[in-house]
Structure formats: C-alpha cells, structure tokens
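This report covers a two-chain model, with the contact between its chains treated before the fold of one of them. The sequence and structure come first.

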Amino acid sequence: MLNDHLEADLKELREAFNSGKTKETSWRISQLNGLLRILEDRENDISMALKQDLGKHHVEAYRDEIGTVVKTVNNALVNLKQWMAAKKTRLPIAAFPSTASLVPEPLGVVLIISSWNFPIGLSLEPLIGALAAGNAVVLKPSELAPACSSLLAETIRDYLDNSAVKVIEGGSDKGERLLQYKFDKIFFTGSTRVGKVVMSSAAQHLTPVTLELGGKCPAVVGSFSSSRENNMAVKRIVWGKFGLCAGQACIAVDYILTEKKNLSNLVESLKRYIKQCYGDDPNGSHSISKIVNKKHFSRLKSLLDEPMVKSSVVYGGSLDEESLFIEPTILVDPPIHATIMTEEIFGPLLPVITLESIEDSINFIRARPNPLALYAFTENESLQKRLVSETSSGSIMFNDTILQYAVDTLPFGGVGGSGFGRYHGKYSFDNFSHEKVVMMRGFLVDFWFRYPPWTAQKLQLLKAGLRYDYLGVLLIALGLKSKA
Amino acid sequence: MIKFYRRYPSITHRQHRSFSDLSSNSRFHLPIDIDYTMASEEQAKNSTAPATFDAEAADCLMKELRSTFLDGKTKSYEWRSSQLKSLLKMLEDSDKQICDALFSDLSKPEMEAYIHEIAMIKSSCKLALKKLKDWMKPEKTKTNLGTFPSSAEIVPEPLGVVLIISAWNYPLLLSVDPVIGAIAAGNAVVLKPSELAPAMSSLLAKLLGKYLDSSAIKVVEGAVPETSALLEQKWDKIFYTGNGRVARVVMAAAANNLTPVVLELGGKSPVLVDSNIDLTVTARRILSGKWGCNNGQACVAPDYIITTKQYAPVLIDSLKHNLVKFFGEDPMNSPDLSRVGHSRHFARLKKLLDDDKISGKIIHGGQTDKSNLKIAPTIVLDAPEDSLIMSEEIFGPLLPIVTVEKIEDGIEFINSRPKPLAAYLFTNTKQLKEEFVSNISAGGVVINDVTLHLMVDTLPFGGVGESGTGAYHGKFSFDAFSHKKAVLYRGFFGDAPARYPPYTPGKLRLLKALLDGSLFGIIRALFGFS
C-alpha cells in the first residue's frame, strides 16, 4: 500500500519534469521565492521545531539554519539568469568555421537525503541548488529530527509546487525503498556508513552522487604574539566546537593539536571562555544544543568510559541522560588509539593532543583520513604554506572556524573519506546540472581530405592541418610539397 | 591464458544491500557474458601479461604507489612536466609501433590511427605541458561582507593514487588521454588497458615502463581476475571507459571505498536529418562519422538516423553513392575500413543482423566474413522499435534508418530513450536547431556535423544519465583528477560578538544584518535599531 503512494509520487515528479515546466526561468524563480516566504513567514515555527528536536537557541537556529539559507536563496535569485546562460567557448583555429557553447541543463528528478543535525539548513541548501538548476526534487529529511521533518513536509507542500517538489518522510526503511528507484542524481549528507550504501544503490542505475560526509576536523593551535589574538583564537575555537549543535556538526572542531609548552595557557583560556559563553550552569543556560537522541548520547558516554580517557578529562564531563545534555568537556592527551581519537566525535567533547613542536601536526594529520575541514591558528606563514601544500582536506581555514560554510564563492565538500562533490553558491547550481556541449557547423566549408579513400597525400594534408601549418596545407594541396 | 578466466556469476541489477546489512568486504562480480575473451589464441600467446596479478599483487602495488605519492614527488611541477615531456617523446618515437599495434588489434587504417589516435594524443600532451603552470595556480576568489576581513582562494591538489581502466576501440587514445590528466594533476597512476586490444596493451606496458617513472605510473595488463583484484583496492579516483554493465560493477566496487568515479560510457547516438540541408556534405559527414571511425565502433559514432518518410529515399541514395566513393564497390576488401574488433563482438553484431524482426529490411550491405571479422557497411530501413538493433548500442557498421511523419517527431523519438553520449542534427532551419538543443539531453550535441566535439580540447567530453558521469579533455582532464581545496584566511580585526553565546535579541538583530550583507543594516543594528 505504501508502495503505491511512493510510486505514484515519483511518477508525478517524472511527468512534471518531462512537461518542461521546471526548466522555465519563471518556475525556478517562483520556487525560490516560495522558499524565501517559508523562511520569513514561518521563522518562529522553524525555530521552535529546532528547539524541540535539538534544543537549539533561537539565535543559533537563526544564525545557522534560517539566516544562512535566506542569504543563499537571495544569492541564487540575483545570479540565476547568469548561471542559466549558455557559455560561449573559444575554439581552436583548426575547428573554424564552427561555434561552440556549454549549455547547462537540469538532470531530471533528483533525490536529496539530509541529515538531523542541521535539519533545515542541510535540506534547504541543496534544495535551492536543485530548484535553481531546474530539476524536480524529492527531499528525504532525517527522521531523527521529526519536528523539523514534518514542518518541512508541511511548508514545502503549502508554499512550493507540489507536483514537482515533494518531501518524503520516513526512516531507513523508507530510505532503502527510495534508493531502489532511478534518480538522475542523489545528494546525500550524513555518515560514511550510510554514504556507502547510498552509493552502492546508486551504482545499479549509474546515478551520479554527491556525498557530504564528515571526519575528524583538527584545529592546529599555535600561539600569537598578542594576548588579544590568543584570546580571540580561543573564543573562535570554543564557538567552533560547542557553539554549533553542541559539536554535532560535520565541520565542528573535532580535536586540537598544540605544542606541549602552550598547553596550560590554552586549557585555562578554553575553560574561561566556556564559562563566559555558557555560565556556571550550562544545562540551564539554553545556549547549548542537546544531544539528538539516546543512541548518540550513549555513544558519546561510552567514548568517555574507555580506559584512560576518563582520567584525561580536565574540565566538564557531566552528563544528564534525561535532558540529553553533555557538558562542554575538555580532555588532555587521551590515548591515541581510544575511540575518541579514531572516530568522529560529533559531540561536545574536546580532546587536546600535545606535540613537541607545532610542525609535527602535519604528520599527525597526514596519518589520518582526509577531514572535511582543517583549522589552523597561527601567524607563521611558512607553517600556513606547509599545511596548505602538505595536507589534504575539503577546506582549510586559518585563524577562525566554520565560516567557510557561509562563503558562497567557495566550494563546500569533502575529499577522500570526507566525501566528494561540492556545493554552495554556483557550485550548487552546477552540482544539479549537466553542462551540455553544443557545437554548430555550417555546410559552406568542407575539407575533402577528411574523407576516405585514404591516400598518402590526404595523410600529409591532415598532418599539416593539425599542426596549423596552413602554408604546408596549401603547398601539399597544390602538389608542390609531398611530405608534411 | 584461458585458465586464468575464472567464471564469475554475473550480477543482476536488482541486487542491492540493505542499510542494516553492509558487508563492505563482499566481492562484486564482473559479468562474464560480455566481451572478456581474447580475440584469438595467437594473440593470447603474444601477450606479455604476467602469469598472475592477484589480490596480494594488487596490495603490493598499492603500497608502493601510495608510498611514492606520500613522499610528495608527484606533486612537484618539475616531476609532472618531466613525465609529460617523456610521454610526448614516447609518442614521437613510437609512431610506427603504434600504427602496427592498431593494425594488428583492429585493422585500423593508418589515416585513422594517425588522425584519431596519435595526433589527438600528442596534441593533448602538448596542451598539458603548455598550460600546466596555469592549471596548477590557485584561483583567488571574493568573499562576502559576512566574513570581512578575509581572503580566499581555491587550491587544486592531486587526489592521490588513481586507477584508469580503458577500452579496446581507441586503445591508445582512451588509455593515454586520461593518464595525461592524472599526471598533470600530480597523481600516481595505474593504467589497466583493455585485453581485447592485446597488441596495444602490451605495447603500452612496454613503452610506459620504459619512458615514465615506474615508481609512480604503472600498467597492469589482464582481464577479469586482474581487474577484480585492482577494484578491491582503495583508489582515490577511478576513471572508467567502456559499457554500462561493467560501469555498474566498477561503481559498486568504488562505493565500498567511497571512491569518486568518472564513467565514460556510450549509448545510441541519434542523427536527425532534415530535408533542408546540403545533401552531399551531410551524407559524407555521416559516413565518415560512422564508418570512418573505427567502422562504427566508437562511443560517439552515429548509431542510427531519423528522417522523414518523404526524404528517406533521397538520403539513402546519397549515402549509398558516397559509400561507394569512400570504400569502393567491394568494401569488404577496402583497406580504409577497420575490421570488427574481436570475435565475441562479431558474434553480437551478427546476432543483430540475424534478428527475425529486421528480415527483409536490410537495404544495403549485410555481408559478413567470420574468419576475417569483417561486416560490410549495412543500412537497415525502418527496423521495429523492439528489434535488437534498435534496443542496444550497435557499436559497429550497421546503420538503421528510422522514418517519421514529420521531422519534429524525431525529437520525441530521441527523448523517449536513454540519454546518449552524443546527438546530431542536420538542418538549416533555425527553429529546429533551437528545439533540438533545448529539448534533447545528451553528453554533447553537434549541429551539421558529427563527432567533431571530441577533437576540441576546450570542450568537456562526457556523458549524462546512461551515457556516463564526469567529463575530461584539456583542462577538464586536470580538474577530473584534482581536488579543489577551499582556503580561507581570516584576520583578527573584526569579530562580531553576535556570534557567541550568551545569546541576546540585540545580537540577533546584528546577525540578521550581517547575513543580509547590508552595510546599512549593520550600522542600524549596531546602533540598536531594526
């Protein structure tokens, strides 16, 4: 019974796409405007849903999920016509007289599977790209953020074109069923484990995929000459760790690498700023998100329960299962092979690993899977250069955290274990488009030496022609030269 | 060599793993029922493929290449440029050997060998050498007001150790062209040439081994077992040229390691022919694209023609007339036509011809010669839609012509089928051109010619849907094997307290203004208005 509904929905989407309406500029603009209206009219509902699912404060909700998406929609609206325009391409002289251009076209019916930690943002950001590119869309939000999932279903149904944009809610069984059908693209945000399943399923239909995964994003922390800069660095790290969904973010700072001699100052500063942001009773502060569910809570708790890990805690460490709260926690030098240092933490636990010298951080990072983001706080230009050229990550940011997410001109995506494909800004549009080559010729000029039967003379002509040796071509054609 | 082709059950397309049952170590199976047999025992004896390349050998190979890559040598401009220079020298020194290998594998005429393979690959190599510095340069980008003050750039970096699996029909071009891109982008590379072109496969192993840095660039010859062993390794990218069935297996294997892929596949590339054209030029261009390109065995060869019932006889006449001009009265013995690649392929094409559904519809050609692997240029008129020749990619010297009432119906006909790698239109009517371009989705579209877009290195070459994913040629090859890393530099000058808890309504106002990017809004918020 459920099957029929799903099949009928997908059939309707395919028909809507085939009718050509989603390709019209006016349709794309109307959908983007619809999204803007959702974000304006329903800002409070969105905020409340985020509070309910994740305990996010209204400001955090606005900053990370509503405000950034509004910025993205506006950027798309302003640039849409330019993105949609065919790009003329330069052709070499040998191809004269022809013209060529690259024409972006939508892929068709695309599937977006989003994640629970930024359930609105990570659903709408790719959706904007898919709609701007002219596709019909199925959005499958995460069932682990149920209030947001059902709010998305309701608002998208009410504000957007329901025949071409649908939200399909459900758990992993629904996800599995969806993956059996053929889509023209699948955009997945989530864990490595599920990413593999998505790509394997996509392989049956040769569906291209973008996988936005995660990893352990390190923050290399050096020391600065002024205490103002040192303090700012720490503030930004604290924010980049605990300030976004309590560390449950793909680009959150996962762990810190610093020199032994810097350790005590760093830890003192971290403690000071955590207190400043969250007060003496962080659970009561309402300024930090909760852990999404009991399963993740238990997972994080068990990270701390491993031998030698608990004893490395120097700040925080308190947990409250009922309110799914974990206090911002700092650990110093937990064992390198403990799970907290081998798997992505995705929570408010911050290990600080000490090294003899800051340059050792490069080998430390290289020995591990490529992260989605790498952060480095240093004014040492040679270290900066080495980090850029000797490590690989989705992105790398100096002297701050997280912000690369908000820059529309920078591609956002992973490499290696952190995924592949990219989006944001025009990259979102490109992600959901096929860049079709269109080459135009006339009938006027037709070189006889293109065609068989092949002769030695034709071969010489072609060899000369391909070297742009037009004089040679002329001489050979006139019989005045025999070898190119 | 036969004993090394172990039987693997072929996969069905419905097989999939559930979310809960993810055994990432499960073997995938390469279908045995497609072209994986040797062309002949003779060629098999001449192949220099090693006795076994198994999982252990693949492990060792990967260890060595990974270590080379991590040492950093392939990243330097000097290394990349020296490899490309050696590659160019290799091509320049080996013209004759290459032509001989292509003739041995495919009976490819020297002209085709030169124009479609040797000249193109040399040009690709020269372009990479010329542009390498430019391609390697970071690209500065703007940042928005929200992150002021900051500066940003996009830095290309190699992916690591990449695998290139190539095809048999253009065995030099389709092997070396992606290798050029991979080297230019700074990767370590394994090339697995097609065993169905054994002379070229062993020539490539010999030449690349001699001219290039074998600690970073390797050729692994072989068939199903060797390819399977390779696919079990964790690559940083897999570039596959071939057919849709094997592509599914390659992508499923890649999924185990989250390896991104480029799949250069094929499809039925249609040619829509209007009556408002220069007939002779049209006929010659279609013929050269079909029979002048490896005798139809090319991924972008015109697969079938669509024209109006009324115009068909005129077109057919011109095609027949020009066929004789190109290949003479006895095309089976023309030196200007490649032969069918190998016996398995011959059998498949014969099956298309023997299909009951097209009996009586062969209006030209149809002769076959099994011992020499030759099939005459053949035209079939109005084959039914469910005939074999109209349901699968032909990849051979058979040309179906489908007739429609009016020319616009051709667009609907094309759209009802999987997206092809290329789509062609011959017309002088502007409106038809516009309709074709906006309604037909294909890897590439050419108006009034065929296949030329491949030869232009400023155009990305790749498919969409069933015809593939990703693109290459020119800079697009460099990009295909690179990761474009975003690098953002921030200063400590500006720091909005609005970012940090404890959160207040005032902070919210300021944030809204910042995200809006409006300077005026920011000023207002700073002064407490909004």
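## Interface between chain A and chain B

About 9400 Å² is buried between chain A and chain B, and carbon and sulfur atoms give 64% of this area. Buried area is the accessible area (1.4 Å probe) that two parts lose on being put together, summed over both. In chain A, the residues that lose the most area to chain B are L206(A), F443(A) and W454(A), together 10% of what that side buries. The contact (heavy atoms within 4.5 Å) takes 114 residues from chain A and 106 residues from chain B.

This is a predicted model, in which local features need pLDDT of at least 70 and side-chain atom pairs count only at pLDDT 80 or more, while totals for chains, interfaces and linings use all residues. Residues are numbered from 1 along each chain as its sequence is written, chains are lettered from A and ligands numbered from 1 in the order in which they are written, and side-chain values use heavy atoms, with hydrogens and water left out.

R441(A) and D449(B) form a salt bridge through their side chains, at 3.0 Å from N to O.

Helix α8 (residues 192–205) of chain A gives the most to the side of chain A that touches chain B, with 12 residues. Helices (H or I, at least four residues) and strands (E, at least two) are DSSP runs, numbered from the N terminus.

## Strand pairing

Strand pairing also links the chains: strand β16 (residues 395–398) of chain A runs parallel to strand β18 (residues 482–490) of chain B, joined by 4 bridges. Two strands pair if DSSP finds at least two bridges between them. F398(A) is opposite Y489(B) in β18(B).

Within chain A, strand β2 (residues 98–106) has 8 of its 9 residues buried, so it is largely enclosed by the rest of the structure. Buried means under 20% relative accessible area, exposed over 50%, and partly exposed in between (1.4 Å probe, protein chains only). Strand β1 (residues 87–89) of chain A pairs with β2(A) in the antiparallel sense over 3 bridges, with K88(A) opposite S101(A). β2(A) also pairs with strand β18 (residues 433–441) of chain A, in the antiparallel sense over 9 bridges; there E105(A) has H434(A) as its bridge partner.

## Chain A overall

Chain A holds 18 helices and 18 strands. Of its 484 residues, 64% count as buried.

## Backbone exceptions

Most residues other than glycine have a negative phi, and most peptide bonds are trans. The peptide bond from P452(A) to P453(A) is cis, with omega near 5°, and P453(A) is in the loop between β18 and α17 (456–466) of chain A. In chain B, the bond from P501(B) to P502(B) is cis, with omega near 0°; P502(B) is in the loop between β18 and α17 (505–516) of chain B.

N448(B), not a glycine, has a positive phi of about 70° and counts as buried at 1% relative accessibility.

Note on methods
A salt bridge is a side-chain nitrogen of Lys or Arg within 4 Å of a carboxyl oxygen of Asp or Glu.
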